[in-house]
Amino acid sequence: MKRLSIVLFFLLMGAALWGWVRMNQPEEPLLVTEPLRIHQGVVTGGIDRDNPDIQVFNGIPYATARRWAAPSAPPQWGAITRDTREYGPECLQPRDRLNEFVDGVIEGAGMPWWKQLAAKSYLAARPVPTEAEDCLFLNVRTAHRGAARLKPVMVWIHGGSHQAGSGSQSLYQANGLAEHDVVLVTINYRLGPFGYLAHPALTEETGTSGNYGLLDQIAALRWVQMNISSFGGDPNNVTLFGESAGAQSISELMSAPMADGLYHKAILQSGVSSYNALHRDRAPLPGLRSSEDVGVEFLSSLVPGAATADDLRAIPSGAIISRVRVRKELTDYFLPTVDGKILPEPIGKALRDGTANHVPVMAGYNADEATLFYDRINSPTILHPDMTGSLEEREAMLEDVFGINSAKALQALYGMTSLEAWDSGAVDMLGDDLFGVHTRFLGRTNAQAGQPTWLYQFTRTPSGRGQK
């Protein structure tokens, strides 16, 4: 058995090496499409290798990004025809965070060790994508250019905790939707401190700060309204869909008046931001800081206290990424924040009070989703991370958040009645705390607003013995 394991190990290493060589060999360029005119000029795309009826237009700039400023108009290229067969640069991000998350997914999928090793080796062998601060690119996949009738449009917003990811990741580039009468758009948006850092110097310059990634998404939707009919898409039938931070982004867009009218339906997969209580200039809850306060601390080792907005923009981007790695705990604040302008009020309040833009919605989540996050949060609720210590100490923390009666009811409901049973029940409760409660809250408020609403929960568990 030991000898077989050694043979399998070397076979996998050989396969990984072969895969690395294959992935680092440049592919033949896609065949070029006929030219297509959009508002910025003329573009050519590529003919998909798997289905010649599908055309792909990648790396189209939908806006221009200047650090810690709202997106501005995209470039024009006049009489020059722009080749859009290659993806644009991804937004700056610390790669280790995304890699850690993906490794966690692989380890929790119940695969034997050698399959885990093969999956990790394959992913590690892939070349690191090009990155840039000016990263506001989108990709269009269509089989309906020139069709007599415009087709529904679906705009994908990628996940990654608002800190990582891109619209050009390979798992988002498939033909299924385009082959079923959809024009598919995938987008980049600014991430982490580049997308969501608030700071008094930036607020002094424009009256607000933070929410740059949210403004990017709105700019992408405006581009879709102006241009998607050229690709065969109907600008009056746009569905937003996204997963994790992408789903949260949809609830944020529903709460941002600037996005009203730019989309017509929504699909939210594992994420709603009704728990987000961040405010730009104040701390609304005990233990919660203002986004500006966190921004000042995050940049404190990189600029003096009296730094201007221009001083902040002069910080080398690499120094900002390094700071993310040193102060990971502060990245929980790099999220959309109530600023009275782009987000007038908390997402949960907007959904509850009917000021959000309610549209037909499908939303849902997965059973056991908190297994991906529990080791980091170490608590049954995001409202009080690191709920550890004796059973009595944990009970007291739970009561601080929910009150005595509710805390006791939650303990009984999830079976957190002893130290031995605590973690198992806490994982289940955290899944509801992060996903279930907020998904059902959005569904209820959306239905109360008179909009068609569907909820789902995936509960199927793969057969692997190690599946979490």
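User: Is Arg280 buried or exposed?
Analyst: This is a predicted model, where local features need pLDDT of at least 70, side-chain atom pairs count only at pLDDT 80 or more, and totals for chains, interfaces and linings use all residues. Residues are numbered from 1 along each chain as its sequence is written, and side-chain values use heavy atoms, with hydrogens and water left out. Buried means under 20% relative accessible area, exposed over 50%, and partly exposed in between (1.4 Å probe, protein chains only). Arg280 has a relative accessible area of 11%, so Arg280 is buried.

User: Which residue does Arg280 meet in a salt bridge?
Analyst: A salt bridge is a side-chain nitrogen of Lys or Arg within 4 Å of a carboxyl oxygen of Asp or Glu. For Arg280 the N to O distance is 3.6 Å, and the partner is Asp281.

User: How many salt bridges does a search of the whole structure find?
Analyst: One of them joins Glu90 and Arg95, with the closest N and O atoms 2.8 Å apart. Glu90 is buried at a relative accessible area of 7%, and Arg95 is buried at 19%. The search of the whole structure gives 20 salt bridges.

User: Which residues are linked with Arg289 in a network of salt bridges?
Analyst: Arg289 is partly exposed, with a relative accessible area of 26%. Its side chain meets that of Asp293 in a salt bridge (2.8 Å, N to O), and Asp293 is partly exposed at 38%. The residues linked with Arg289 in the network are Asp293, Glu297, Arg327 and Glu329.

User: Which cysteine forms a disulfide with Cys91?
Analyst: A disulfide is a pair of cysteine sulfur atoms within 2.5 Å, and by this rule the count comes to one. The sulfur atoms of the pair are 2.0 Å apart, and the partner of Cys91 is Cys135.

User: How many residues apart are Cys91 and Cys135?
Analyst: Strands (E, at least two residues) are DSSP runs, numbered from the N terminus. Cys91 is in strand S7 (residues 90–91), while Cys135 is in the loop between strand S9 (131–132) and strand S10 (137–142).

Terms used: Helix = DSSP H or I, 4+ residues; strand = E, 2+ residues; numbered from the N terminus.
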